[in-house]
Amino acid sequence: MTASKRAILLLAHGARDPRWAAPFEAMAAHIAALAPDLAVRLSYLDFIEPDPAGAGKRLVQEGCNRIDVVPLFLGSGGHVRIDVPRLVADLQAQNPSVTWTLHPAIGELSEVIEAMARAALGLAQGAPG
């Protein structure tokens, strides 16, 4: 029986200004530190490399056979509802021996909503940002 090698593929939107990616890079590094046995890759839909197809292909080349795809979006707009499922379906078709699991937009999770609410309230009440 082949051991399962897990990975998480983070999908962010991307922006023309590469400084925009700093919080996402920090999140990916934090995940990697919390779960050192998990392969972590950050990818972008627009403007910044790697794109999800390239990052997914690299994970497969590294032997990952269970990949969780996490959209780092606040809500489920067109990218999350249409583009991302197509990307994951393409990755699955190209790599049928790999289990790809697409998760909901991270901003729709109750823990994230709670954290953002507390942060916004803290800022409004004068807490340092």
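Which residues line the largest pocket? The lining consists of Phe24, Met27, Leu72, Phe73, Leu74, Ile106, Val112, Ala115 and Met116. This is a predicted model: local features need pLDDT of at least 70, side-chain atom pairs count only at pLDDT 80 or more, and totals for chains, interfaces and linings use all residues. Residues are numbered from 1 along each chain as its sequence is written, and side-chain values use heavy atoms, with hydrogens and water left out.

A pocket here is an open set of points on a 1 Å grid over the protein atoms alone, where a 1.4 Å probe fits, with protein on both sides within 12 Å along at least five of seven lines; lining residues have an atom within 4 Å of a point. The largest one has a volume of about 170 Å³. Its lining has nine nonpolar residues, no polar and no charged ones. Helix 1 (22–34) and helix 4 (110–124) each supply at least two lining residues. Helix 4 gives the largest share, three residues. Helices are DSSP runs (H or I, at least four residues), as are strands (E, at least two).

Now the interior. A nonpolar core joins buried nonpolar residues through side-chain atoms within 4.5 Å; buried means under 20% relative accessible area with a 1.4 Å probe, protein chains only. The largest core has 18 residues. Ala7, Leu9, Leu59, Cys64, Ile67, Val69 and Trp100 have the most contacts inside it. Strand 1 (6–12), helix 2 (52–61), strand 3 (66–71) and helix 3 (78–94) each supply at least two of its residues. Helix 3 gives the most, with four. Apart from this core lies another, of 13 residues, among them Ile8, Ile31, Ile48 and Leu72.

Terms used: Points joined across faces, edges and corners; volume = space filled by probe spheres on them. Nonpolar A, V, L, I, M, F, W, Y, C, P; charged D, E, K, R; others polar. Buried < 20%, exposed > 50% of the residue type's maximum accessible area, 1.4 Å probe, protein only.
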